[in-house]
Amino acid sequence: MTTNEKGYVCFILHAHLPFVHHPESEDYLEEQWLFEAISETYIPLLNNFKKLENEKVNFRLTMSITPPLLSMLDNEMLQKRYIKYLKQHIELSKKELIRNKGNQEVCKLAQYYLDRYSNDLHIFKDIYNCNIIQGFKYFQDIGLLEIITCGATHGYFPILYLNEKTIRAQIAVGVQTYEKYFGRKPRGIWLPECGYIPESDKYLKEFGIQYIITETHGILYARPTPVYGTFAPIVSPNGIVAFGRDIESSRQVWSSINGYPGDPNYREFYRDIGYDAPYDYIKPYIAHNGARVNTQIKYYRITGKTENKDYYNPQWAMDSVEKQAGHFFDCRQAQINYLYSQMDGHKPIIVCPYDAELYGHWWYEGPDWLYILFKKIYYDKCDYKLITPSEYIDLYPEIQECIPCRSSWGANGYSEVWLNPLNDYVHRHYHVAGDRMVELAHSFPNEPKDSLKRKALNQCARELLLAQSSDWNFIITNQTMVDYAHKRIKDHIGRFTKLYYQIKNNEVDEIFLDDIMEKDNIFPDIDYMIYA
Amino acid sequence: MPRTSNKVKTDNSINDINKEITKTTNKKTSSAKATTKKTSAKKSTSSKKVTTNKATAKKKSTSSTKTTAKKVTRESTKKSSTKSTSKAKVKNTILEYYDLPYRYNQTIVKILAQTPSTLFVYWDISDTDRENFIKKYGNDFFSKTKPILLIHNKTKNFYYEVEINDFANSWYLRMQEPDCEYELELGRREINNTSSYICISSSNQLVSPNDHVLFDETDFSNIRFKNIKTGFISQKDFGSIRLMTNIGNIYNKKHKVYRFYSNLYKDEVLDSNKFFSNPSSSNPTSNVF
């Protein structure tokens, strides 16, 4: 426990999934992104927060929970489907106990999954009443967690900003959604993909945002040069405080070569009974069309660079977690002591932002690593404390004034992931739809409440926002679920355009409108006049 | 952050009827994509594809009862019949099919920054503007002139131009100068008389990102701080602070920043090649553990 700390470590987990909601069919595999993330990341995080709270560990963590994710977590249909997902996994784990009767090691693991999914079901239904947002809100309300918001649908500002009204709307709806769920205003925002452009500052300011997170060079390449590098925030001329990602701590966790998640004792992501089990046996638990997919029941550990994987041993994995938490803890100690000696009494902040889903989904043991680390920082002798960005700027409001550099946290630091020959055809559609939305808001201002036109105009705003998710372009670049990403762009631009003409021609088809409102039912309280 | 775990998953999600529709959708997109997506490397693809695409486009516009536009009418192809599918519970589900329009028939030039050294530009000339140019300059206006992009670096105040071609509707431009304000013009020059120039349309203005530490232009003896609670501004002298002297001239270019960080983090193995390729979720390299 520390009293005279020399610096701070600020963990930020960015929790985001694109809005996937298909009342018309249960066959969309993409829906499982949410279910996997709840079981592997969100519930384990909440469980560990609870453990820390019970053990009176005064930790600090910052999380952005994006509006699409909040909307999905709050969606009754998806909650029901998640319960169904859990029940299927419980059933499958039970079958696994029988199928692997002779193999004690696998049986133990099958029992482990059975316990885990049963526990998820209990926690989800009985503790959180099917809505885990309440869990995160609780930890924010007792001061351990700071939740920040994000762009409404994770639209990438450095591309959308050609029409500034569209980024203003992304920010406005992001803030409104946050207020709806957390009953207060957000102090910070996670810029989608850390995509920073100075043009967004005035809108961030307008909606009361105090701070943002940028990629390392968002700070290092700022104008003028920040004297403390990424180890202190900077403030833009418009008054937005920017924190930059620390390179060293990022690398330790993220690196594909020597990052923590690659430890041989950790669970192997790419071996799954969805692929390994006999086809007829596993068929009810894989894709509806019979394609083998991940079930998230995995029995092997990474082992090493070999195809012959050994069985996963949760105890060994926990040993590695302990070891690596110790390593991270020591590295921060050395880093902060060195920086403190160089910064003329100024206390450095080490900003460690990660995708939340890395913890648990990709790196299965990640939530436990955080738990051990937070406990260590609280109880062991060290010269630093955990802090949130808000606490830091409250303590140290005197900040160097600089213009952060246009940047993102995508490959190579700029916009290549979202703008390249694979996906560049999309942007003209975004820009035209954005312009048209602004045109609609100007042509049909303040339509009466409950009027059909207003209903249609609000749906136009939803369709535009959904089309703008940076996820679609990311998926196209990554060449993973490309068909789905193309479909989503076409659907939302298509629905938007169809409505645009119907509104202009005063011939809104209500049956069509009701249908797409049911499918794309994000942001029920949206007001299209944000585009005026 | 959509995960790549589902590499093998295909969009096998839709019921039988919808499957049919998706199939056609996919076919149509790929042909549309081929025409929309042209980089400077691939200049030639085209005239054929453009025409075939237009042809299909016309075929597709089943409901072209609108009077105004020609090709734009099919922006939203409406095939919304109200069949009830087998999956849907009692309720009628509207079957939808959409494709992105090939063009919007607007005269437009837009630039975006892909990186500090690459700008992406896309453009279109509306049919009306085309006709107006023909009216003004003669029937052979488009055949006796060639299209160019005139690039204006407003920060450094110089112009240069890049010749493009009439089959492209977008281009990637290599830029020498990062951190500059740019504006572009789409224009045409006569093939036989290159001194004649006609502007078609100009672009939005854009500032390209910076790609290096601005150490040289920063006056460290006069650093401005703002108290964000009180608004109080103070100036501080950082000329003698050790962190900065350590950073010094090494804090200048990309590889030098790397060296600086290597010094700082002696125990860590940093990969200099991938130094600026941060392994976030948005970076495909991070997904291979």
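In which handedness of crossing does H17(A) pass H20(A)?

What we have here is a predicted model. I will go through chain A, then chain B.

Start with the domains. The assignment for chain A gives domain 1, made of 7-74 + 131-267 + 312-412, and domain 2, made of 421-531. Taken over C-alpha atoms, the centres of domain 1 of chain A and domain 2 of chain A are separated by 29 Å. In the contact between them, domain 1 of chain A has 26 residues and domain 2 of chain A has 22 residues.

Which elements give two or more residues to the side of domain 1 of chain A that touches domain 2 of chain A? They are helix H2 (67-73), helix H6 (157-160) and helix H7 (164-182) of chain A. H7(A) gives the most to that side, with 7 residues. By class, the side of domain 1 of chain A that touches domain 2 of chain A has 13 nonpolar, 8 polar and 5 charged residues.

Now the helix packing. Two packed helices are described by the angle between their axes and the distance between the axes. I have two pairs to show, and H17(A) takes part in both.

In the pair with H20(A), which covers residues 510-519 of chain A, the axes come within 11 Å and cross at roughly 40 degrees. That makes H17(A) oblique to H20(A). To return to the opening question, H17(A) passes H20(A) in a left-handed crossing. On the H17(A) side the contact is made by A:Leu452, A:Lys455, A:Ala456 and A:Gln459, and on the H20(A) side by A:Glu510, A:Leu513, A:Ile516 and A:Met517. Sorted by class, the contact of H17(A) with H20(A) has 5 nonpolar, 1 polar and 2 charged residues.

The other pair is H16(A), residues 427-443, with H17(A), residues 452-467. These helices pack at an angle of about 160 degrees, and their axes are 10 Å apart. H16(A) and H17(A) are therefore roughly antiparallel to each other. Here, too, the crossing is left-handed, with H16(A) passing H17(A). H16(A) contributes A:Tyr430, A:Ala433, A:Gly434, A:Met437 and A:Leu440 to the contact, while H17(A) contributes A:Leu457, A:Cys460, A:Ala461, A:Leu464 and A:Ala467. How do the residues of the contact of H16(A) with H17(A) divide? There are 9 nonpolar, 1 polar and no charged.

Two backbone details in chain A, and then I move on. A cis peptide bond joins A:Arg223 and A:Pro224, with omega at about -10 degrees. A:Pro224 is in the loop between helix H9 (216-220) and strand E6 (234-235) of chain A. The other detail is A:Thr303, which has a positive phi of about 65 degrees although it is not a glycine. A:Thr303 is also in a loop, between helix H12 (279-282) and helix H13 (314-342) of chain A.

Next, chain B and its strands. One open sheet has 3 strands in the order E1-E2-E5, with antiparallel pairing. Which strands of chain B are the edge strands here? They are strand E1 (108-115) and strand E5 (170-174), each pairing on one side only. Direction ignored, neighbouring strands of this sheet are turned by 25 degrees against each other on average. Between strand E2 (residues 118-124) of chain B and E5(B) there are 5 bridges.

Strand E3 (residues 145-153) of chain B is joined to E4(B) by 6 bridges. B:His152 stands opposite B:Tyr159 in E4(B).

Last, a hairpin. Strand E8 (residues 223-227) and strand E9 (residues 233-236) of chain B run antiparallel and are joined by 4 bridges. B:Lys226 has B:Ile233 as its bridge partner in E9(B). Which residue in the hairpin of E8(B) and E9(B) takes a positive phi near 80 degrees? It is B:Gly231, in a hairpin with 5 residues between the strands.

Terms used
Residues are numbered from 1 along each chain as its sequence is written. Chains are lettered from A and ligands numbered from 1 in the order in which they are written. This is a predicted model: local features need pLDDT of at least 70, side-chain atom pairs count only at pLDDT 80 or more; totals for chains, interfaces and linings use all residues. Axes are lines fitted to C-alpha atoms, for helices over the stretch in contact, and angles run from 0 to 180 degrees between N-to-C directions. Angles under 35 degrees count as roughly parallel, over 145 as roughly antiparallel, 65 to 115 as roughly perpendicular and the rest as oblique. A crossing is left-handed if the near helix is turned anticlockwise from the far one by less than a right angle, and right-handed if clockwise. Two residues are in contact if their C-beta atoms, placed from the backbone, lie within 7 Å. Ala, Val, Leu, Ile, Met, Phe, Trp, Tyr, Cys and Pro count as nonpolar, Asp, Glu, Lys and Arg as charged, and the others, Gly among them, as polar. Two strands pair if DSSP finds at least two bridges between them. Domain bounds come from an automatic or database domain assignment.
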